[in-house]
Amino acid sequence: MPSARIRTAVLISGSGSNLQALIDAAKHPDYPAEIALVISNQANAYGLTRAAGASIASEVIAHTDFPSREAFDAALHAALTAHHIQFVCLAGFMRVLTPEFVKKWQGRMINIHPSLLPKHKGLHTHQAALDAADTQHGCTVHWVSEGVDEGDIIAQSALDILPDDTAETLQQRVHVLEHQLYPKALKEILNTQCQSHL
Ligand code: GRF
């Protein structure tokens, strides 16, 4: 293994299928990231089982245990720092982060969103694409900035919406694209623009 692998944390709230895609990609010796920590704000997130299965350290930091967003984000930052994390991937992490936290990780934190941003920010993106009569839909990897789903776009993957697609079929088909796009985008970022800043 190259010694310069970037210690990467993945923040989740649920199933963690994108986490799994990142874990699988990082098994390759030439992959530039080591998935060194998984943090969930939900104790029952299945992604924690995935982390355990891959012998990856994990922490549950429940937002409900904190009096404010600031206090929760301070605990997140402390955990990331304690594990010497250099880069953060949000993967279905269902918390809005404070500007202070985002500033601390600016240029070192990315997210995957299930739409072709700037279209359909927020939740229920698959139904939104159908309601808008879009002909294409997909997913976006982007830098995390203060505005939710508003950071600079890194990479996108698109599919054609079929006449009989529903929100559920779109979710399934976009998920397949996400699992390909996220590991690829992380690899490209770490191999190019980021290494010198980490
Ligand atoms: C994905 O669709 C991701 O784009 C969005 O939340 C979902 C998480 O799915 N941000 P999973 O937990 O990775 O399976």
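The legends below describe close-up views of a predicted model.

In this predicted model, local features need pLDDT of at least 70 and side-chain atom pairs count only at pLDDT 80 or more, whereas totals for chains, interfaces and linings use all residues. Residues are numbered from 1 along each chain as its sequence is written, and side-chain values use heavy atoms, with hydrogens and water left out.

**View 1. The residues around the ligand.** The shell around the ligand consists of Ser-15, Gly-16, Ser-17, Asn-18, Gly-92, Ile-112, His-113, Pro-114, His-175 and Glu-178; a residue is near a molecule if one of its heavy atoms lies within 4 Å of it. By class, these shell residues are 2 nonpolar, 7 polar and 1 charged. Here Ala, Val, Leu, Ile, Met, Phe, Trp, Tyr, Cys and Pro count as nonpolar, Asp, Glu, Lys and Arg as charged, and the others, Gly among them, as polar.

**View 2. Polar atoms facing the ligand.** A polar backbone atom of Gly-16 is 2.8 Å from an oxygen atom of the ligand. A nitrogen atom of the ligand is 3.0 Å from a polar backbone atom of Ile-112. The side chain of His-175 has an N or O atom 3.2 Å from an oxygen atom of the ligand. Taken alone, the ligand exposes 370 Å², of which the protein buries 83%; accessible areas come from the Shrake-Rupley method with a 1.4 Å probe, and for residues only the protein chains shown count as cover.

View 3. The ligand takes up the space of the largest pocket. On a 1 Å grid over the protein atoms alone, a pocket is an open set of points with protein on both sides within 12 Å along at least five of seven lines, and a molecule sits in a pocket if more than half of its atoms lie within 2 Å of its grid points. Two or more residues of the shell come from each of α1 (17–25), β5 (109–113) and α6 (167–191). Helices (H or I, at least four residues) and strands (E, at least two) are DSSP runs, numbered from the N terminus.

View 4. Ser-17 is found in helix α1 and counts as buried because its relative accessibility is 16%. Buried means under 20% relative accessible area, exposed over 50%, and partly exposed in between (1.4 Å probe, protein chains only). The side chains of Ser-17 and His-175 make a polar contact of 3.3 Å. A polar contact is a pair of N or O atoms within 3.5 Å; within protein, one must be able to donate a hydrogen and the other to accept it, and residues adjacent in sequence count only if both atoms are side-chain atoms. Ser-40 belongs to strand β2 (residues 33–40) and is buried, at 0% relative accessibility. A polar atom of the Ser-40 side chain lies 2.6 Å from the backbone oxygen of Gln-42.

View 5. Most residues other than glycine have a negative phi, and most peptide bonds are trans. Leu-117 and Pro-118 are joined by a cis peptide bond, with omega about 10°. His-120 counts as buried because its relative accessibility is 18%. The loop also holds His-124, with a positive phi near 55°. His-124 is exposed, with a relative accessible area of 66%.

Definitions and conventions
On a 1 Å grid over the protein atoms alone, a cavity is a set of points where a 1.4 Å probe fits but cannot get out, and a pocket is an open set with protein on both sides within 12 Å along at least five of seven lines; lining residues have an atom within 4 Å of a point.
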